[in-house]
Amino acid sequence: ARIMGGDAPGDASGLGAQIMEKYGYDTLDGGAYRAVRRYFFLAGCLLAAGMAVSALLALLALRAQRRAEEDRERLEEKLRELRLREEGTKERLIREEQETKSLVTDISHQLKTPVAALRMSLELRETTELTEEEERECSGRELQEVAKLEELLNSFTQLSRLEADMIRIRPRMEELRQTLAGAVGAVYMKAFRRGIELSLEEFRDRRLPHDPRWTREAFVNILDNAVKYSPENTSVTVRVSWLASAVMIEFED
């Protein structure tokens, strides 16, 4: 009270009164005090708001930085996956090329056996007088060797198609029973001639995504080998079991 105006409210000789009068305010003017207080209050509010905005901007910038770091980490992880996938693809292509070369060499070697057998049989016919029974035996062997040649040439044809990218796997939803039954039917007569019982056990059918043509071809190859290398008067059984996330197909000879 002394600073603002001495002992009495009307005393204008104090330091506070001098300051107020210097800037054009009357010490008895209550509106002036309210205006000054309002000014400082608004200034404080603006300052606080500015600090809050600055803090908010800093927080947003920090979040943006963290998001950018996470995006960069995800991108780096995807790049690592792509590099690993590319390396795996290269290794697979190299392995498949080596396997193809090995298979071609193996088939070429196998071709020599039926060709040599046919030549021997023809030479025997030309140089030796055979009985009727021997003639029938030679004819039967020649037919067997011709069948082997056809099988090997068919393998060469399949390889050529693979190399020329003519074999395309086109999966679609089809019943598994129909694909398996087609494979069994293709080998059935061959098994019958050797006295081999070829059967497909009953199972609950489902529609699965697969290429019926080439899946059937794969099954035919397995069954054909089973019939070819099984003793006569035995059996070959096809069995289907449904697992949690897959189907198991067994070919038992």
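**Ground rules.** I number residues from 1 along each chain as its sequence is written. In this predicted model local features need pLDDT of at least 70, side-chain atom pairs count only at pLDDT 80 or more, totals for chains, interfaces and linings use all residues, and side-chain values use heavy atoms, without hydrogens and water.

**Helix pair.** I looked up H5 (residues 176–193) and H6 (residues 212–229). Their axes (lines fitted to C-alpha atoms over the stretch in contact, angles from 0 to 180 degrees between N-to-C directions) come within 8 Å and cross at roughly 35 degrees. Helices here are DSSP runs of H or I, at least four residues, numbered from the N terminus. The contact (heavy atoms within 4.5 Å) includes Ala 183, Val 187 and Lys 190 of H5 and Phe 219, Leu 223 and Asp 224 of H6.

I then checked the largest pocket, which holds about 1,400 Å³ of space. A pocket is an open set of points on a 1 Å grid over the protein atoms alone, where a 1.4 Å probe fits, with protein on both sides within 12 Å along at least five of seven lines; lining residues have an atom within 4 Å of a point. The volume is the space filled by probe spheres set on the points. Of 35 lining residues, Glu 151, Lys 190, Asp 224, Asn 225 and Lys 228 are closest to the centre. H4 gives the largest share, twelve residues.

**Lys 190.** I found Lys 190 in H5. Lys 190 touches Asp 224, Val 227 and Lys 228, not counting residues up to four places away in sequence. The C-alpha atoms of Lys 190 and Asp 224 are separated by 8.3 Å.

Technical notes:
Helices (H or I, at least four residues) and strands (E, at least two) are DSSP runs, numbered from the N terminus.
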